[in-house]
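Student: I am new to this structure. Please take me through one part of it closely: the surroundings of the ligand, and the sheet that goes with them.

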Amino acid sequence: MAMTIKNEREIQRMEAAGHVVALVHAAIERELTPGLTTADLDEIARNVLAEQGAVSSFLGYHGYPAHICTSVNDEIVHGIPGRRRLCEGDIVSVDVGAILEGFHGDSAWTYGVGAISDEAAALLRDTEEALNRAVAAAVSNHRLGAIGHAVEAFARSRQRGVVKDYGGHGIGRQMHEDPHVPNIGRPDRGVLMRTGLTLAIEPMLTTGTEETRTLGDNWTVVTADGSLAAHFEHTVAVSPEGGRVLTRRLSSVLE
Ligand code: MF3
Ligand code: CO
């Protein structure tokens with residue numbers, strides 16, 4: 001689907017969709033505790049989406065069977081919620097997309113379940129920082145490669161694997177619009193990012209390999225070597241000051 005530039009009114013509508021996504025994350029983060037199943041997280045999402053008059057971007061997408069994606073430990077993305085019980089020490093990437101009044105918001109966050117290892121905690125910190133740097137690089141009239149470069153340079157400085165098989169995307173009235181947003185790159189490559197281009201930026205880093213494998217359910221993507229993976233994603237609008245985050249987290253409502 002083509003690349004589209006949004007005006008201020010459209011960006012505000014995406015921000016409204018992004019706020020619903022943030023509300024889903026806040027509810028899941030509040031409830032998350034060892035012993036819950038990933039299907040329980042899906043139900044929390046379903047309820048918040050319904051309360052807000054929004055629908056999941058993912059449910060039914062190419063036959064995807066759930067409202068959110070839940071990817072545990074060595075699962076990178078597209079894990080399907082189900083009977084799996086979360087244990088103390090697990091990390092779980094929760095990916096949420098919402099459609100509100102015709103516009104999508106899309107954001108993923110990786111949470112620790114109870115107390116997690118220092119290794120896992122460091123991976124989460126590094127991946128969140130990679131996202132922050134990538135968001136800051138979404139500057140008007142810079143090239144798209146600046147985003148991938150920001151992710152890749154930071155990840156390499158921390159000896160992290162960077163997943164190249166998956167990346168971010170343009171977003172708006174469609175969940176997936178052009179351009180594809182790689183997590184590697186060079187600042188002098190790629191299309192010029194215009195003000196009002198809206199992107200989902202989503203670095204995925206690992207403690208080991210960069211190679212991926214898809215499980216027999218045809219959705220769940222895992223690290224080929226079983227190492228841990230983390231995934232953080234925001235929907236942003238390109239601006240002269242860098243990416244304006246449209247899926248801002250609501251830590252203030254978490255008490
Ligand atoms: N954030 C992911 C993406 O943008 C979620 C897609 S899950 C799917 O690709 F089920 F909808 F495919
Ligand atoms: Co996405």
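**Around the ligand**

Tutor: The shell around ligand 1 holds six nonpolar, three polar and four charged residues. Here Ala, Val, Leu, Ile, Met, Phe, Trp, Tyr, Cys and Pro count as nonpolar, Asp, Glu, Lys and Arg as charged, and the others, Gly among them, as polar. This is a predicted model, where local features need pLDDT of at least 70, side-chain atom pairs count only at pLDDT 80 or more, and totals for chains, interfaces and linings use all residues. Residues are numbered from 1 along each chain as written, chains are lettered from A and ligands numbered from 1 in the order written, and side-chain values use heavy atoms, without hydrogens and water.

In total, 13 residues surround ligand 1, each with a heavy atom within 4 Å of it. The closest are Y64, D95, D106, H169 and H176.

Now the polar atoms. An N or O atom in the side chain of H169 is 2.7 Å from an oxygen atom of ligand 1. D106 has a polar side-chain atom 3.1 Å from an oxygen atom of the ligand. For E233, a polar side-chain atom lies 3.2 Å from a nitrogen atom of ligand 1. The protein covers 95% of the 330 Å² of accessible area that ligand 1 has on its own (Shrake-Rupley method, 1.4 Å probe).

Where does ligand 1 sit? It sits in the largest pocket. A pocket is an open set of points on a 1 Å grid over the protein atoms alone, where a 1.4 Å probe fits, with protein on both sides within 12 Å along at least five of seven lines. To sit there, more than half of a molecule's atoms must lie within 2 Å of the grid points.

Next, the sheet. Five strands form an open antiparallel sheet, in the order β8-β7-β9-β14-β15. Strands are DSSP runs (E, at least two residues), numbered from the N terminus, and two of them pair if DSSP finds at least two bridges between them. β8 (177-181) and β15 (244-245) stand at the edges with a single partner strand each, so one side of each has no neighbour in the sheet.

Look at β7, residues 168-170. Two bridges join β7 to β9, residues 198-201, and the two run antiparallel. G170 stands opposite L199 in β9.

Finish at β8. P179 has its place in this strand. The peptide bond from D178 to P179 is cis, with omega near 0 degrees.

Terms used. Polar contact = N/O pair within 3.5 Å; in protein donor to acceptor, adjacent residues only side chain to side chain. 1 Å grid on protein atoms, 1.4 Å probe; cavity = no way out; pocket = protein on both sides within 12 Å on 5 of 7 lines; lining within 4 Å. Helix = DSSP H or I, 4+ residues; strand = E, 2+ residues; numbered from the N terminus.
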